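Work through the exercises below with the model open beside you. Try each task before you read its solution.

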Amino acid sequence: MSVAVALFRKLLGMAVTLLVTSFLVFSSLYLAPGDPVSFLVKGRSPSPAELVAVRKEFGFDQPFPARYWHWLDAVLHGDFGRSYLFHESVGAVIWARLPASLLLVGVSTVLIAVVGIGAGAFSALRHGTRTDKSVLLLVTVGAAVPSFAAAVVLRSVFGVRLGWFPTIGNGTGLLDELHHVALPAVALSVTFMALVTRVTRASMLDELGREHVEVALSRGAPRGSVLRRHVFRNALGPILTVSGLLVSGMLVSTAIVETAFGMSGIGSLLVQCVDELDFQVVQALVLLVVAVFVVVNTLVDLVHPLIDPRIAAGGGAR
Amino acid sequence: MTLLEIDALTVELPGAARPVLDAVTLRLAAGEVVGLVGESGSGKSVTARSALGLLPARARVTGRVLVEGRDLVGADAARLREVRTGVASMVFQDPRAGINPVRRIGDFLTEPLRLTKGWSRREAEARALELLAAVGLPDPPRHLRQYPHQLSGGMLQRVMIAGALAGEPRLLLCDEPTTALDVSTQAEILALLGGLQRARGLGMLLITHDIELAAASCDRVYVMYAGRIVEQAPAAELFGSPRHPYTRGLLGSTPPLTGPLERLRPVPGAPMSLAESAPGCAFAARCTFAEPGRCDHSAPELLPLTAAPDRSAACFRVAELPNPAVTEARP
Amino acid sequence: MSTTVLVRRPLLGRLRGGFLAHGRLFQVCLVLLVAFVVVALFAPWLAPQDPTVGDFADTMAGPGAAHLLGTDQGGHDTFSALLVGTRTSLLGPLCVVAFSSAAGIGVGLFSGWRGGWVDAVIGRVLDILFAFPSLLLAILAVALFGKGLGGPVLAMAIAYMPYTARLVRGLTAQERTRPYVSAYLVQGHAPVFVAVRRLLPNLGPTVLAQSTVNFGYALLDLAALSFLGLGVQPPTPDWGAMINQAQAAVLQGQPLSAVVPAVAVVLVVVAFNVVGEQLGDRLARRDAR
């Protein structure tokens with residue numbers, strides 16, 4: 001199978017998954033108890049004219065498939081409807097809060113990659129020692145520390161007690177924003193660091209035991225370059241795959257961390273809109289998170305053969 | 001100066017009941033082909049690895065391993081690198097496991113040249129092409145760009161051999177180089193190794209569990225059992241008249257190419273694992289000639305035979321045993 | 001073989017020692033879990049005070065004789081809230097795991113047994129479900145059905161189902177090729193009988209190990225939901241909700257009423273993970289033999 005065909009198949013698979021996902025998210029509205037129109041305006045007291053507008057906007061006078069098609073068409077053109085809470089288009093509401101969340105996720109990703117891979121590799125190279133066992137214990141506990149618990153402790157110690165970091169808000173200007181995002185990023189990262197550490201350690205140990213490593217050493221290659229060029233290089237595949245699966249969890253966890261630190265971002269937006277019954281925004285955010293997950297993991301699948309040539313582009317990791 | 005001289009090498013692993021190697025002594029002259037025969041777990045591979053300083057980090061090592069006079073026991077990284085890059089190299093058993101599957105064949109061949117000798121990519125690749133041609137691969141420029149999974153086992157073992165020759169070694173350690181291959185390619189690889197050995201005047205240590213193979217391709221053969229050398233002899237003599245009961249057992253349990261199979265006499269019992277130890281001769285529990293109170297009491301040393309000083313055996317009763325035990329004339 | 005039996009085998013002894021040492025952590029965690037379950041069952045009788053009633057004369061008190069672990073800013077006794085909160089904190093995940101395991105076993109068994117295109121379609125659907133993180137699905141459920149545990153528990157049962165389903169599916173497909181299955185079928189037993197009564201019990205322990213790990217994660221998710229104010233609603237005590245309500249106290253330098261439930265969450269989840277993973281490890285080791 002040629003690379004082009006494999007690529008096409010992967011992208012087709014991604015498109016089908018996204019289509020099914022969009023359908024699920026769209027039709028979830030009809031799971032809500034009662035009439036969808038009254039669900040959409042719940043908590044507000046709309047005038048009859050507004051009710052007619054809602055009815056028209058959602059096309060409730062049309063059959064279900066037509067309504068879905070209508071909605072999908074709009075979504076593909078970037079139109080997610082209007083937010084009742086902010087009296088703006090949903091796209092604009094999300095767009096305004098996206099940079100703050102991207103900064104948070106970006107800083108966390110760097111933390112997770114550096115600490116997770118670093119600690120995992122460090123631990124694997126000291127397999128069986130006391131250091132290794134301490135790392136393992138930290139990983140077991142770390143994987144069980146929810147971001148809200150980490151947030152409480154970090155805020156209490158480094159925000160309130162020591163006063164090193166601000167305890168609330170986003171900040172203005174890059175430096176101030178980074179200062180504000182530091183604690184939330186750590187809170188967000190703890191669990192994922194632990195998971196990445198564990199995978200890195202297991203994967204590195206697996207590779208360290210392989211004969212090709214001994215062969216490389218037997219031919220006089222320096223230990224450092226053998227570790228880099230053979231052990232770490234080969235261990236990357238599983239690390240990448242697992243990291244891809246963590247993306248959606250991380251995005252959802254921004255809801256917790258942003259709420260805990262009183263930051264404005266898409267995570268806190270999600271919670272606010274659930275709280276204040278702005279379903280249009282909730283729907284768009286759910287779709288966004290799932291779509292990012294699907295796209296990222298398709299990318300991982302596409303990149304994987306470059307890391308491990310044994311996996312043909314069509315075969316995939318699954 | 002002897003090419004390889006192993007002197008009373010003892011290797012102990014924490015947690016094991018007996019040493020992995022127990023006072024192993026072995027000599028290999030330049031240009032000589034020496035066989036090292038024994039069952040799996042007898043310590044053949046560890047012995048060969050010691051000649052590259054590749055012993056487990058946790059192991060306790062005593063004795064000497066001299067490669068062209070350099071002692072590798074407790075050697076620093078620089079000396080190890082000197083030996084590994086220019087004097088000795090190893091052909092491993094399974095090329096599928098021994099060659100990094102995610103890197104190209106070219107990387108495998110050029111890596112040591114570029115990393116340890118500081119060659120440029122162009123120089124190293126030119127050398128790699130020569131090596132691939134020398135081991136008889138049909139299309140060196142293409143193989144250079146291929147990944148290991150695109151080659152057959154036999155072809156990959158040729159790549160492994162090419163890799164071992166990259167540093168122009170004088171000592172080639174072959175650790176069961178044909179065991180992982182199809183029967184049909186085994187002979188080709190052995191012929192290739194033999195040809196290279198003669199053409200380049202290599203000293204070669206051939207590790208195998210196949211005593212007939214060792215007899216056919218080696219000048220001298222060492223037989224190992226449970227971490228000890230139990231017999232050493234010129235290949236032809238060992239094959240014609242084995243002296244140690246274990247060697248007799250090995251020869252008796254090899255299926256003959258011709259003649260009835262009833263002649264097969266398997267060695268009773270199982271080889272001794274690392275979790276077991278015995279105060280006396282390690283083979284005593286399986287030996288039909290063992291003398292209670294003597295053989296299971298203390299371990300016999302490897303001593304030259306009085307009748308044939310170029311041979312040696314580690315057995316108390318070697319002089320008393322009927323000789324030779326394998327009477328059937330075999331080619 | 002006789003020689004191998006007669007001589008000492010220190011290697012094996014060492015192995016067994018390591019295994020026991022491994023088992024100690026397992027035992028501690030198991031005891032911890034049992035303790036939490038006992039507390040959950042008898043919480044109303046164990047709690048010294050009613051955690052739903054606040055004592056406004058004594059807010060944000062430190063630990064002392066009157067309040068063992070102090071009070072929050074509403075004057076609720078933290079220790080009592082911790083004990084009673086065990087109930088909702090464990091009951092939610094229990095429902096999630098019960099529903100998701102039951103559904104996952106059903107789907108996985110059917111899919112793995114049938115094989116073919118049915119299996120392929122189900123596998124694809126499971127893949128799509130994997131793209132919905134459980135907490136997101138729970139939040140969506142709150143948006144649809146309102147705050148509380150009902151909607152989220154159902155949503156998370158769906159989100160966790162694929163983990164069990166994929167496991168059971170793989171094991172069933174593997175087990176189906178074993179001789180004992182064809183032996184039963186040849187004897188004329190109905191396939192449903194063989195699948196449910198003969199094959200399924202063999203998967204039990206493995207599914208239990210997976211469910212145990214799921215329990216820990218479901219607890220984390222539901223606590224997070226309550227922390228966001230979308231799950232268990234005050235005054236019902238719940239660990240996540242306690243941490244949420246204690247935020248103001250944290251900012252005023254009194255973090256105890258938040259830290260106590262946070263520690264409880266971490267302890268329970270660590271215990272569930274350790275027990276689940278070691279159960280899985282033991283099974284893997286047993287199968288390897």
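## Exercise 1: Two helices of chain A

H1 and H4 of chain A are roughly perpendicular to each other.

This is a predicted model, where local features need pLDDT of at least 70, side-chain atom pairs count only at pLDDT 80 or more, and totals for chains, interfaces and linings use all residues. Residues are numbered from 1 along each chain as written, chains are lettered from A and ligands numbered from 1 in written order, and side-chain values use heavy atoms, without hydrogens and water.

**Task.** Describe how H1(A) and H4(A) cross.

**Solution.** 
- Find the helices: H1 spans residues 3-27 of chain A and H4 spans residues 64-76. Helices (H or I, at least four residues) and strands (E, at least two) are DSSP runs, numbered from the N terminus.
- Take the geometry: the axes come within 11 Å and cross at roughly 115 degrees. Axes are lines fitted to C-alpha atoms, for helices over the stretch in contact, and angles run from 0 to 180 degrees between N-to-C directions.
- Classify the angle: under 35 degrees is roughly parallel, over 145 roughly antiparallel, 65 to 115 roughly perpendicular, and the rest oblique.
- A crossing is left-handed if the near helix is turned anticlockwise from the far one by less than a right angle, and right-handed if clockwise.

## Exercise 2: A helix pair in chain B

**Task.** At what angle do H4(B) and H7(B) pack?

**Solution.** 
- Locate them: H4 covers residues 105-117 of chain B, and H7 covers residues 153-165.
- Read the values: the angle is about 15 degrees, and the axes are 9 Å apart.
- Conclude: H4(B) is therefore roughly parallel to H7(B).
- Their crossing is right-handed.

## Exercise 3: The sheets of chain B

**Solution.** 
- Start with the open sheet of 4 strands: its order is E2-E1-E4-E5, with antiparallel pairing. Two strands pair if DSSP finds at least two bridges between them.
- Its edge strands are E2 (21-28) and E5 (70-71), each pairing on one side only.
- Check one pair: 5 bridges join E1 (residues 4-12) to E2 of chain B. Here B:Leu9 stands opposite B:Val24.
- Turn to the open sheet of 8 strands: the order is E6-E7-E8-E3-E9-E10-E12-E11, and the pairing is mixed.
- Its edges are E6 (88-91) and E11 (303-304) of chain B.
- Check a pair again: 6 bridges join the antiparallel strands E9 (residues 220-225) and E10 (residues 228-234) of chain B. B:Arg220 has B:Pro234 as its bridge partner.
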